Amino acid sequence: MTTATTGAAPRTEAVGTAHTRVEGRDKVTGAARYAGEIPFAGLAHGWLVLSTVARGRIASVGTGPVLDMPGVITVLHHGNAPRLETDYVGMLGVPPDPTAAVFQNDRVPHAGWPVALVVAETPEQAREAAEALVVTYEPEPHDTALSGARPDAYPVDGHMPALTEKGDLEAGLAGSVHVVDEEYTTPEEHHGMMEPHAATALWDEGRLEVVDSNQGATWVADELARMFSLDHSAVRVRSDHVGGGFGSKGVRAHQVSAVMAATALRRPVRVVLTRRQMFTLTGHRSPTVQRVRLGADDGGRLRALDHRSVSRTSTVWEFVEPSAGVARVMYDADAHRTENRVVRRDVPSPTWMRAPGEAPGSFAIEAALDELAEKCGLDPVELRLRNEPERGPVSGLPFGGRNLAACFREGARRFGWAGRDPRPGVRRDGRWLLGTGTAAASFPAGAMPSTAAVTAEPDGTFTVRISAADIGTGARTALTLVAADALRVPVERVRVRIGDSDYGPAMIAGGSMGTRSWAWAVTAAAGELRERLVPGGTVPPEGVTVRSDTTAAVGALAQRERHSFGAQFAEVAVDVATGEVRVRRMLGVFAAGRIVNPLTARGQLVGGMAWGISMALHEEAVRDPASGGLYGADLAGYHVATHADVPAIEADWVDDPDPDDPVGIKGIGEIGIVGAAAAVANAVWHATGVRHRNLPIRPDRVLRAGGPGA
């Protein structure tokens, strides 16, 4: 036994100081193993076979010849797969996407629907057999387009009400001095994380174990237990290292099919998705068509605001991209209406993608605000400051901190906004037209109940166990700093273990709520443990463990509008002879709660802003209307910003701790991308005098639009 001490001597707080990732060395040396790399004895490999028609039914699956191929063990399909339970609502409050509940019937609702799993001794044998499997179909007419007319669009309550309204909108618009009424569109977009989706399933002494890459081990364990009608204690999911998620890494076809195969064969089975399969099976951001109508008085104050968005969902799952929701937080007006609608099409199911709703929604509303500023003859920053609401525009609730004005003022100062000539198309640098633009950003700052355990070890160290997920954000490191401060010990004495459903329920890595939710649970457990340990006392060989559950504390939070905010600034150069757009510099200033680790936080914010450049200028998934599939479903055909497209990006923050959070955290995972595309688009207008209301701003669109000197 050793003496119990939690460090009574004065010490520097860890939270708020820059720390390199605690697992950084393992990742750069290859010691950190991802889901597709972990070895298992007797491992078999599954390869998914996807439909080649966009709608219809499966007529036959020619398994005979394939089963005779070298190494092939079995072929699972709708004729022999076990029945799954799908009539439930999971821990995230939504029913399962039927795409994940594979092989349950002969229907094909979209191109790339999973129709079979070939299992073989090696991945090469599985792939060869999967490509040789003959599946015949009875095709039916299909439709994948999100058209401008949209007569079959209907409102859907996602994680927010479909419709909010107050006041007389038409009267408000009619009585306004300045009116903007425009349509803005964003295309289908994909997550494209570096690490493919991968899962290995095995049975160990009557217990199902899944080694996976996901954004929430308890989330995936809960879904698998429900689908396979298992006791929750009989399922364990581990997800140690994750190479990116962005909303995509939830419960998918690869985990479910791996469990099916492992159950049938009673041996470990691994299923890894190819890059092309990821474009079909792991969700995407729906395209949107958004109409924004703004009415303002002569001083630029909003009198009417109407933001309506239509997105596309699949025929098997109702998912809404809530793009109109951002207006419910950002701007108020006497007449205020927002609505999110969907249309069903023969396409794969959309899903959450970084800043769902806010990313495409901020492009529309912030571009419209820029157009209103032009009509009013006001500086775009000044227009936004004049329309700062005192309370939630829709909820009427007080804000739990709203430092957007501070972000704009600091950002404008650092960016050199004061000397900006408001006239478009007047600045040049040789053949390049130059322009600057700005936009506001917001994202909800929530918290969800979580559990954590903290153990005082006999050797004087402390072990934190929590079912968190580090999807590249530096969560391990952040929680290490939080735990060290709560225990009042040096960081070196804390070890954090994450990514295991056996650690108990905890919030997923999503909605910018992960670190806040987990840190709350860790702080609670560490604080109680510190009180239990007697200074100078001893720790028994088994250690001393305290477990926390924040359900009651989170539930007791006062009702407020809780959000992170930010101001985005961009400078672009446009060559109207070639259509090339280059972002020369970007600055984002954010009010996002207390920053736990400035090093990784800045990386998150800069990464989000770079993704905003990608959204503005490059990303666009295009569907072939004849086949229903994507053109170029890979990272060669789906264009993303590369190093040559990303300039020196600065990200910083103003002091903004949340007084209702034990650590002061709000959340930074998604705020960086919000408003970034709008700032770039607004800068392109300032450079050329031409508005681009359809993303991405491709060279051909710039050429067609022209501009000064074109």
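Biologist: Let's start with the helices: which hand does the crossing of helix 12 and helix 13 have?

Modeller: Helix 12 passes helix 13 in a right-handed crossing. Keep in mind that this is a predicted model.

Biologist: Good to know. What makes helix 12 roughly parallel to helix 13?

Modeller: The angle does. Helix 12, residues 475-487, packs against helix 13, residues 514-532, at about 30 degrees, and the axes are 8 Å apart. Angles under 35 degrees count as roughly parallel, so helix 12 is called roughly parallel to helix 13.

Biologist: And why give both an angle and a distance?

Modeller: Because two packed helices are described by the angle between their axes and the distance between the axes.

Biologist: Which residues of helix 12 meet helix 13?

Modeller: On the helix 12 side they are A475, A478, L479, V482, A483, A486 and L487. Their partners in helix 13 are T515, W518, A519, V522, T523, A526, L529 and R530. Sorted by class, this contact has 12 nonpolar, 2 polar and 1 charged residues.

Biologist: How do you know that the length of helix 12 agrees with its number of residues?

Modeller: At 1.5 Å a residue, its 13 residues should span 18 Å. The C-alpha atoms at its ends are 18 Å apart, so the two values agree.

Biologist: Why is helix 12 called mostly covered?

Modeller: Buried means under 20% relative accessible area, and 13 of the 13 residues of helix 12 are buried, hence the description.

Biologist: Let's turn to the loops. Why is A81 called buried?

Modeller: Its relative accessible area is 8%, and the cut-off for buried is under 20%, so A81 counts as buried. A81 sits in the loop between strand 4 (72-77) and strand 5 (107-108). Leaving out residues up to four places away in sequence, A81 touches F103 and M260. Q104 is 23 residues from A81 along the chain, with 7.2 Å between their C-alpha atoms.

Biologist: What makes D143 partly exposed?

Modeller: Its relative accessibility is 38%. Buried is under 20% and exposed is over 50%, so D143 falls in between and counts as partly exposed. This residue lies in the loop between strand 7 (134-139) and strand 8 (154-155).

Biologist: Which residues does D143 touch, setting aside those up to four places away in sequence?

Modeller: With that exclusion, D143 touches R345 and D346. As for G64, D143 is 79 residues from it in sequence and 34 Å from it in space, C-alpha to C-alpha.

Conventions. Residues numbered from 1 in each chain as written. Predicted model: local features only at pLDDT ≥ 70, side-chain atom pairs only at ≥ 80, totals over all residues. Heavy atoms only, no water. Axes fitted to C-alpha atoms, helices over the stretch in contact; angles between N-to-C directions. Helix = DSSP H or I, 4+ residues; strand = E, 2+ residues; numbered from the N terminus. Parallel < 35°, antiparallel > 145°, perpendicular 65-115°, else oblique. Left-handed = near helix turned anticlockwise from the far one by under 90°. Contact = heavy atoms within 4.5 Å. Nonpolar A, V, L, I, M, F, W, Y, C, P; charged D, E, K, R; others polar. Expected span 1.5 Å × (residues − 1). Buried < 20%, exposed > 50% of the residue type's maximum accessible area, 1.4 Å probe, protein only.
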